Amino acid sequence: MPLLVKICGLSTRETLDVALDGGADMVGFVFFSPSPRHISLETARELGSRAKGRAVKVALTVDADDATLENIVETLRPDILQLHGKETTARLRDIKQKFGLPLMKALPVETAADLAPLPGYAGVADRILFDARAPKDATRPGGLGAPFDWHLLENLDLALPYMVSGGLNADTVAEAVRVTRAGGVDVSSGVERTPGVKDPELIRAFIRAARATQRTTQELMVR
Ligand SMILES: O=C(O)c1ccccc1NCC(=O)[C@H](O)[C@H](O)COP(=O)(O)O
């Protein structure tokens with residue numbers, strides 16, 4: 001199964017086109033006003049139509065209510081909802097029932113104890129995004145450019161597809177995939193030179209580096 005590459009926090013036509021032209025499998029859009037990557041519903045409509053059919057569109061929210069989700073679904077037309085807050089399994093069931101979209105639940109990781117909620121989410125989410133737990137004083141629960149200890153996922157036995165994120169960049173993505181055996185990688189800060197401003201060359205470099213992990217694996221398999 002090819003590695004899924006997600007570029008998250010896209011907010012302009014130009015950088016969205018770079019991610020799409022570079023072959024990103026998933027493009028993420030942030031709907032969380034304290035984030036430097038937050039986009040308006042008007043921008044969501046424009047970027048959503050631009051990405052349609054070219055990559056999986058991911059709408060990222062944090063403990064959003066139904067009205068907020070309804071507006072995002074109506075404008076972005078997402079293919080998957082990424083829930084990056086404290087959403088319970090009951091809330092995931094509620095959202096899935098109301099919107100009928102696949103759900104990717106973000107799980108903050110700092111210690112092995114953080115994996116305890118996995119079985120519950122695995123029963124309702126469609127995929128899991130492992131992300132670094134944000135510091136207590138952080139203004140947002142993700143997109144902070146800091147990694148977690150990937151070895152915490154070394155012996156993971158999860159029936160669901162999962163992605164790894166948190167501080168990834170072109171130099172570290174191969175090791176993250178090797179250690180976690182994740183089926184997907186997700187990056188935001190690692191393709192920016194300043195918070196919220198995506199850099200075309202960093203996007204291209206990250207996608208190249210992520211794709212290179214696949215060639216290495218295939219080469220190993222044929223030996
Ligand atoms: O990216 C944000 O600003 C953000 C804000 C609020 C909740 C989640 C957020 N990002 C979630 C993502 O999926 C990021 O891509 C992920 O946390 C990795 O971010 P980074 O460590 O910056 O690569």
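**Helix packing and the ligand shell**

Student: Which residues of helix 2 and helix 3 meet in this model?

Tutor: From helix 2 you have Leu41, Ala44, Arg45 and Gly48, and they meet Asn71, Ile72, Thr75 and Leu76 of helix 3. Bear in mind that this is a predicted model.

Student: What makes these residues count as a meeting?

Tutor: The test is on C-beta atoms placed from the backbone, and the cut-off is within 7 Å, so residues that pass it are in contact.

Student: What is the make-up of the contact of helix 2 with helix 3 by class?

Tutor: There are 4 nonpolar, 3 polar and 1 charged residues. Gly counts as polar here, so Gly48 joins Asn71 and Thr75 in that class. As for geometry, helix 2 and helix 3 (residues 66-76) pack at about 35°, with axes 7 Å apart.

Student: How do helix 1 and helix 2 cross, and at what angle?

Tutor: Helix 1 (residues 13-21) and helix 2 (residues 41-51) have axes that come within 11 Å and cross at roughly 25°.

Student: Which residues of helix 1 and helix 2 meet?

Tutor: Arg13, Leu16 and Leu20 of helix 1 meet Leu47, Arg50 and Ala51 of helix 2. That gives 4 nonpolar, no polar and 2 charged residues. Arg counts as charged, so Arg13 and Arg50 are the charged pair.

Student: What surrounds the ligand?

Tutor: A shell of 26 residues, the closest being Cys8, Ser35, Gly142, Gly143 and Ser189. Strand 2 (26-31) and strand 8 (184-187) are the elements that give two or more residues to it. By class, the shell has 9 nonpolar, 13 polar and 4 charged residues.

Student: Which residues does UniProt list for the domain?

Tutor: An unreviewed UniProt entry lists residues 5-208 as "domain: N-(5'phosphoribosyl) anthranilate isomerase (PRAI)". Over that stretch the chain is 31% helix and 22% strand, with the end C-alpha atoms 10 Å apart.

Terms used
Residues numbered from 1 in each chain as written. Predicted model: local features only at pLDDT ≥ 70, side-chain atom pairs only at ≥ 80, totals over all residues. Axes fitted to C-alpha atoms, helices over the stretch in contact; angles between N-to-C directions. Helix = DSSP H or I, 4+ residues; strand = E, 2+ residues; numbered from the N terminus. Contact = placed C-beta atoms within 7 Å. Near = placed C-beta within 6 Å. UniProt positions renumbered as here; feature names shortened; annotations may be inferred.
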